[in-house]
Amino acid sequence: FGANALKYDYTASAECLPFPHKPQYNGGIIKNAELNRGLRAWSAFGNAKVEHRVSNGNKFVVAHSRNDSHDSISQKIYLNKDKLYTFSAWVQVSKGKILVRAVFKTIRGFKHAGAVIAESNCWSMIKGGLTVDESGPAELYFESKDTSAEIWVDSVSLQPFTTEEWGTHHQQSIEQKHRRKVRIHVMDKQDKPLANATISIVQNKLSFPFGSAINKNILTNTAYQNWFTSRFTVTVFENEMKWDTTEPSQGQEDYSAADALLKFAQQHGIPVRGHTVLWEHPGHQPSWVPSLSASQLSKAVTNRINSIMYRYKGQLNGWDVVNENIHLSFFESRLGPQASANAYKTAKFIDPSTTLFLNEYNTIEDSRDTVASPTAYAKKIKDIQSSGGGNLGIGLQGHFNVPDLPYMRSAIDALGALGLPMWLTEVDVQSGENQAMYLEQVLREAHAHPKINGIVLWTAWKPEGCYRMCLTDNNFRNLPTGDVVDKLLKEWGGGGQVLSGTTGPDGALEASLFHGDYQVTVTQPGANSSYVVRGFALAPTETSQQRLILRV
């Protein structure tokens with residue numbers, strides 16, 4: 001089945017282009033996807049007037065004379081509740097830069113599939129996706145609040161996939177992204193191939209960064225330490241690096257908790273994400289900050305950036321520099337629209353070798369939230385880059401209620417077009433009977449995506465309960481969510497996975513392994529003793545196979 005399943009197209013465009021690309025999947029179930037047959041299968045939605053146009057040989061449809069935001073063009077389709085739909089379209093507007101959304105009117109209400117900030121004189125790609133709760137007729141249309149602008153549409157695609165096909169995409173991507181073939185040759189002392197030798201391969205460490213937040217409770221709890229360090233390969237501190245923790249009173253800094261947590265992580269070889277230098281949320285500032293004047297605040301912000309970043313320079317694998325600076329604007333509202341960009345410029349100067357992340361919620365969690373949609377996120381990235389901020393990374397928090405997997409995947413596709421490091425940084429799922437199932441869906445989707453470089457769960461343990469989701473009870477026995485983590489670690493090659501086999505007549509054994517650090521044990525034919533020959537690292541590379549020669 002996997003060999004015959006329709007492959008998923010992960011491509012997206014972050015640029016506004018002179019001509020649209022061809023529709024993905026040849027349009028899928030969309031009729032007249034390239035508008036080469038006039039207005040066939042397309043009609044007006046609302047009170048818009050619709051016409052077919054040609055420009056430089058390119059044919060497209062235009063909605064004009066619009067009075068309401070939803071006045072546009074539409075096509076009627078049928079959606080199946082058992083399918084996952086990936087959507088794309090190319091749009092243009094007659095003036096300015098305007099947000100255009102693709103919406104599906106269904107029998108259960110409206111489903112937002114994706115959005116883009118469209119421009120005039122060039123074409124922008126909407127990449128999106130959706131599922132529906134009930135099968136039935138539906139209608140695709142486009143909307144924009146600026147009714148004075150025409151909406152131009154071309155190269156529309158809606159491709160359904162079965163659940164089995166969706167899972168096959170995971171396996172196909174994992175095989176390319178996370179696994180590599182290794183061929184082990186066993187030779188005797190005369191350099192002759194040794195047939196029928198038993199090889200045991202144990203993975204000591206998973207290469208893909210997968211971790212969880214921690215807090216100061218771990219410093220005095222051995223059971224917590226053992227549970228955590230036996231599973232995770234990256235971490236972040238829940239609150240201990242935040243400004244209101246390290247400087248509760250102006251000028252009185254206390255990094256003792258953060259220092260102790262960093263020392264703990266370093267002792268166990270676990271990299272740490274720096275969270276967070278600044279936070280745009282007005283309710284999460286040190287209590288003395290909101291009353292500062294603009295000049296006082298500017299000085300305090302500079303002191304804060306210098307203090308924490310010089311202290312931990314070169315010791316972290318990433319910084320959340322200004323947390324949630326797309327949704328929120330505490331510093332911009334007081335220091336001007338460049339406040340965020342200036343913070344990234346300063347951060348780049350202090351710690352130039354460390355990736356500087358934006359860190360935002362609802363970009364992949366909720367298609368209805370256009371404030372931090374992939375197109376809005378990309379705009380913020382470009383604004384910071386144009387102001388001198390560099391070495392940026394994309395942080396996607398991942399606080400899910402009910403995950404919309406096609407939208408999640410397409411949103412990552414869209415941001416992946418920027419070519420920057422991308423992590424899920426604070427993953428959890430709201431409590432409920434399906435929490436563990438939804439968590440597994442989210443983690444599988446993220447791990448398999450070719451553009452995701454790491455995953456961190458927002459599951460720091462506290463005796464009174466975690467932020468939204470715990471992995472264990474207070475005795476560090478797995479909850480269903482913890483069982484999901486262990487199940488996936490075993491699948492992904494973590495947890496000391498063991499593979500055994502016997503060499504063939506040519507003295508060789510071939511295996512497909514996850515990237516990571518391994519130890520090989522060879523037992524000669526008829527021998528009772530084993531020989532631990534050596535360890536080896538299997539890393540991503542352009543060559544499809546790694547060759548290892550062992551002499552015993």
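**Figure 1. The largest nonpolar core comprises 120 residues.** Within this core, Phe210, Leu424 and Leu443 have the most contacts. Helix α5 (residues 294-312) gives the most to this core, contributing seven residues. At least three residues of the core come from each of domain 1 (24-162) and domain 2 (173-203 + 498-551), with domain bounds taken from an automatic or database domain assignment. A nonpolar core is a set of buried Ala, Val, Leu, Ile, Met, Phe, Trp, Tyr and Cys residues joined through side-chain atoms within 4.5 Å; buried denotes under 20% relative accessible area, exposed over 50% and partly exposed in between (1.4 Å probe, protein chains only). The model is predicted: local features need pLDDT of at least 70, side-chain atom pairs count only at pLDDT 80 or more, and totals for chains, interfaces and linings use all residues. Residues are numbered from 1 along each chain as its sequence is written, and side-chain values use heavy atoms, with hydrogens and water left out.

**Figure 2. Surroundings of Leu443.** Leu443 touches Phe210, Val427, Ile455, Leu457, Val484, Leu488 and Trp492, residues up to four places away in sequence not being counted; contact means heavy atoms within 4.5 Å.

**Figure 3. Thr481 in helix α11 (residues 480-491).** Helices (H or I, at least four residues) and strands (E, at least two) are DSSP runs, numbered from the N terminus. Thr481 is buried, its relative accessible area being 2%. Beyond four places in sequence, Thr481 touches Gln435, Ala436, Leu439, Met469, Cys470 and Leu471.

**Figure 4. The largest pocket, with a volume of about 1100 Å³.** Of its 38 lining residues, Thr131, Val402, Pro403, Asp404 and Leu405 lie nearest the centre. Helix α1 supplies the largest share of the lining, six residues. By class, the lining has 13 nonpolar, 13 polar and twelve charged residues. A pocket is an open set of points on a 1 Å grid over the protein atoms alone where a 1.4 Å probe fits, with protein on both sides within 12 Å along at least five of seven lines; lining residues have an atom within 4 Å of a point. A volume is the space filled by probe spheres set on the points.

**Figure 5. The second largest pocket, with about 500 Å³ of space.** Its lining has 23 residues, of which Ala14, Ile117, Thr375, Ala378 and Lys382 lie nearest the centre. The largest share of this lining, six residues, comes from α8.

Technical notes: Ala, Val, Leu, Ile, Met, Phe, Trp, Tyr, Cys and Pro count as nonpolar, Asp, Glu, Lys and Arg as charged, and the others, Gly among them, as polar.
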